[in-house]
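Hi,

Here is the structure I said I would pass on. Have a look at it first, and my notes follow below.

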Amino acid sequence: MSIKNIVGITIGVLLVARGVYAAELQRILVYSSSNLSGHEVFAECNPGGGTSCPCSPSDVAMSQTKTFGTVTANPNNGNTWVNAIGNKTFQEQLPNNKPIDLSVYKYIVETRLPVLPRANTNQKKNPQGAHTMIQLYDGRNALWQADKHTLEAVIYWELSPFTSEYGKIKIFTDPPYTLIDTGMKITPDLRWHKFELTADFKKQEYRSITIDGKTKNLQGTKLISVNQPTWGEEVTLALTTESLPAWPWQECTYIFNWSQEFRNILFYKLLF
């Protein structure tokens, strides 16, 4: 184990684990990025089957400044609905040359809105939500009986100004595949906000989320499992930064685009 990859021994950090305290002994830095440099972006067309409008890979984009990266959905202002998935994927090995395994991982990222959402269909820059996710895929059942399924831990920030859910922090869980309210909320503004997502992939459950320093214990809440029948036999781990514009109605009557900003990604493996 390389000394430079061990951020610190944090015996004093205590985490609630089913009514008892478990000490975090080591926090190993696996990956970091200040501005999404080297990340890719993919188009998820008509997410959740919300529309049947045309969509293509050109309907998403990514850009970087020196201090942050931007993930944009519908940069061409077309009649479409698309989720822009910023993505950094590791295959078989993590950047510290250790194999991907079923560990406890922590994903930290800061995110910011470029403009305030408005419940006005004339404002084209309007969001539905922003996601961050840890996704683990085992295409050959090397780590668990995955059978072409992913395991996913997701934070979803509800940003649609057209709903009463505006500002709520949610997670996806399974079974059934559903989005649930964590009871946490950030009223959208133009400041940077820090999201921390901790998940136990061996137990296939969340441990916690922390939003701007406030922690919600989620132990016992299952991760989601998503079937990926066309994927290969590799083992991968992906970190996402996702941007979803407001729903444009079933026939994409309205045109919405959205650019979510991200910075200061830190990805750790935790040992207890």
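You'll find glycine 167 in the loop between β11 (149–158) and β12 (168–173). Strands here are DSSP runs of E with at least two residues, helices are runs of H or I with at least four, and both are numbered from the N terminus.

Before going on, a caveat: this is a predicted model, so to speak of local features we need pLDDT of at least 70, and side-chain atom pairs count only at pLDDT 80 or more, while totals for chains, interfaces and linings use all residues. Residues are numbered from 1 along each chain as its sequence is written, and side-chain values use heavy atoms, with hydrogens and water left out.

What does glycine 167 touch, leaving aside its neighbours within four places in sequence? Its contacts (heavy atoms within 4.5 Å) are Trp157, Glu158, Met184, Lys185, Ile186 and Pro188. Proline 188 is 21 residues away in sequence, yet the two C-alpha atoms are 5.9 Å apart in space.

Now the whole protein. There are 0 helices and 19 strands. Of its 272 residues, 51% count as buried. Among contacts with a separation of 6 or more, 69% are between residues 24 or more positions apart. The C-alpha atoms fill a box of roughly 55 × 40 × 40 Å along the principal axes.

Cheers

Terms used:
Buried < 20%, exposed > 50% of the residue type's maximum accessible area, 1.4 Å probe, protein only.
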